[in-house]
Amino acid sequence: MPTIGVKRDLLFEALGTKFSDDDFQQLCFAFGLELDEVTTEKQMLTREQGDDASSIADASEEIIYRIDIPANRYDLLCLEGLVTGLSVFQGKIKPPKFELCEPKDGKRQILKILPETACVRPYAVAAVLRDIKFTQSSYDSFIDLQDKLHQNICRKRALVAIGTHDLDSVQGPFRYEARSPKDINFIPLNQNKTMNGEELMEFYSNHSQLKQYLPIIRDSPLYPVIYDANDLVLSLPPIINGNHSKISLNTKNVFIEATATDLTKAKIVLDTIVCMFSTHCRKKFSVEPCDVIQPDGTIATYPELAVRQEIISTNKTNKIIGIQETPENIVDMLTRMYLEAEKMTDEDSIQVSIPPTRHDIIHNCDIYEDVAIAYGYNNIRKTLPSFMHIAKQYPLNKLTEQLREQVAQAGFTETLTFTLCSRDDVARKLNKMIDHIPAVHIANPKTLEFQVVRTTLLPGLLKTLAANRKMPLPLKIFEISDVVITDNETEVGARNERRLCAINCNKTAGFEVVHGLLDRVMQLLEVPWQSSSNSVSKGYWLQAVDDETYFPGRCAYIMHNDVAIGKIGVLHPTILQAFELTTPCSVLEFNIEPFV
């Protein structure tokens, strides 16, 4: 699910209303979105780069809303689309109607596709936004939407690559062809040196952002390239645009091209961009079409901006969702969800218009979903299924719920911590080497906080203690959740393990407190204490062990049926210091799966 960041003040100005954080969160929820976080640019940079990053000093303190967007709602990936969607939902405006407007001189821009592109990226689409007016915020939003689309529907440019150009700096008609890398020479975006295709690949091989796209065409004998009538290079898709045609705040006319290996995705991407930013054109919601000449000589006009009609049944809609609404109410709910609808003459049927911004509507069930969102999921009455069924709780989850209740009754407060954590949390801060930790690593972590999947519940609980260290002592907290351990014997190379972890934090370590909790849990599980490992009875016992995380001589394995299922002990002072704690802590952590 993609997340967008929008500046709160710009959002409220565009909506024409100021909200409290709670009110805006409720509006997002009603619209089917989620306000994930209220933050600032400075806070985000601190998380991603650490406190010592040089860029933090110049970072803005302006409030930013980070909003989770459904993966198929491409129309909500920018401020313009979000504002339009929320305004329609609130009934402030009607769904806009997009139209194709011919150029004043009657001559459309032409993009000709040459046959040799078939071996690399065979498809291309194009459009023009005329008389557009950029501000700094709308320009940033325009660039950010392209990046969001590239990461989402474009599958990191493998399916579609978008190029945007200042139309006044180039001359049509345009040619989309494929050439040998040595024969392509141009100055890449924001550079001042001419490079050929091979030099460009070498130049960007260490670029933090562009290096991930190089393998898409690197091994191809021909590279795709777009020229204008004067043989100026507009772009080398899917890598980079040319510097000559770059857009700026002063750009008035934008030529948009998208090359692709999937024509359907290219059409969706083009429709999304022009619909979102035609709101900044002098004539709002108007787009100038372009003619694309195919290799076989046929001509296709883009963007299509097609409006599709679907017919749904009022009775079926009510039955599927579990509501009883009139056709008039369903029409109103659909219109609020950016789907203009009207009641037909037979009293049951409703005709729904699917605009070019709603490519997520594929089937009638998608329309039913929008009715349910507009009605409000929390307003749908809960009912039992009308058919016979037999179900039972998953045994491990049942045991987990039972233990949660009993541990809480023993005086411990339950916490829920993040499944992801930093490498330091599971290694250095616990006096361990990361190479010796069987952790699952995130391939491309966005922040320093979330680099690996936790292998122990301990760091999360210690962070919780640090955040609540001003609370009166003793602090007794616990968590029963999964950790993930690498395991080459499993199909996916890792396995989940359900653990119970508890910490007692007081003026003294209080080892007897967590030992007592262990005894109580084992008593509930009807597992007897085994006085020695040689005992005939099968139960649990403690076996001394040295561990860097614990105080020397104050750590033991929890043994059950001759297998170590966990550890209990007093934390080493360096661990407390690493997590900014000043009071002693005793810890209990063990695997509960053997008792299912």
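Reader: Where is E347 found?
Author: E347 is found in the loop between β18 (341-343) and β19 (349-354). Keep in mind that this is a predicted model.

Reader: What's phi like at E347?
Author: Phi of E347 is near 75 degrees, a positive value in a residue other than glycine. Most residues other than glycine have a negative phi.

Reader: OK, and what about phi of R155?
Author: Positive, with phi near 50 degrees, and R155 is not glycine. R155 lies in the loop between α5 (136-151) and β7 (160-166).

Reader: Which peptide bonds are cis? Start with the one that joins P237.
Author: A cis bond joins P237 and P238, with omega about 5 degrees. P238 is in the loop between β12 (233-236) and β13. The peptide bond from L473 to P474 is cis too, with omega near 0 degrees. P474 sits in the loop between α13 and β23 (475-486).

Reader: You mentioned β13. Which strand does I240 lie in?
Author: I240 lies in strand β13, residues 240-241.

Reader: Buried or exposed, that I240?
Author: I240 counts as buried because its relative accessibility is 10%, and buried means under 20%. Its C-alpha atom is separated by 41 Å from that of T417, 177 residues apart along the chain.

Reader: How about R73, buried or exposed?
Author: R73 is buried, since its relative accessible area is 6% and the cut-off for buried is under 20%. R73 is found in the loop between β3 (63-68) and α4.

Reader: Let's zoom out. How many helices and strands does the chain have?
Author: The chain has 15 helices and 28 strands. Its C-alpha atoms fill a box of roughly 95 × 65 × 45 Å, taken along the principal axes. Of the 596 residues, 49% count as buried.

Reader: What does UniProt list for residues 305-382?
Author: An unreviewed UniProt entry lists "domain: B5" for residues 305-382. In the model, that span is 38% helix and 19% strand, and its end C-alpha atoms lie 40 Å apart.

Reader: Now cavities. How many of 30 Å³ or more does the structure hold?
Author: One. The largest cavity has a volume of about 40 Å³.

Reader: Which residues line the largest cavity?
Author: The lining is E80, G81, T84, P96, F98, C275, M276, T279, F285 and Y338. By type, six are nonpolar, three polar and one charged. Helices α4 (79-89) and α7 (263-277) each supply at least two of the lining residues. The most comes from α4, with three residues.

Reader: And the second largest pocket, how much space lies in there?
Author: About 830 Å³. The pocket has 30 lining residues, and the closest to its centre are S422, D425, K429, E449 and K463.

Reader: What do the residues of that lining divide into?
Author: The lining of the second largest pocket divides into 11 nonpolar, eight polar and 11 charged.

Reader: Which element gives the most to it?
Author: That's α13, with six residues. The elements that each supply at least two residues are α3 (41-49), β21 (420-421), α12 (423-426) and α13 (458-467).

Reader: Last topic, aromatics. How many aromatic pairs are there?
Author: The count comes to 15 aromatic pairs. Ring pairs link F12, F19, F24 and Y65 into a cluster.

Reader: What lies over the face of Y213?
Author: R157 does, at 4.0 Å from the ring centre. There's also R336, whose charged end sits over the ring of F89, 4.4 Å from its centre.

Definitions and conventions. Residues numbered from 1 in each chain as written. Predicted model: local features only at pLDDT ≥ 70, side-chain atom pairs only at ≥ 80, totals over all residues. Heavy atoms only, no water. UniProt positions renumbered as here; feature names shortened; annotations may be inferred. Helix = DSSP H or I, 4+ residues; strand = E, 2+ residues; numbered from the N terminus. Phe/Tyr/Trp six-rings, centres within 6.5 Å; stacked < 30°, edge-to-face > 60°. Lys NZ or Arg CZ within 6 Å of the ring centre and 35° of its normal. 1 Å grid on protein atoms, 1.4 Å probe; cavity = no way out; pocket = protein on both sides within 12 Å on 5 of 7 lines; lining within 4 Å. Points joined across faces, edges and corners; volume = space filled by probe spheres on them. Nonpolar A, V, L, I, M, F, W, Y, C, P; charged D, E, K, R; others polar. Buried < 20%, exposed > 50% of the residue type's maximum accessible area, 1.4 Å probe, protein only.
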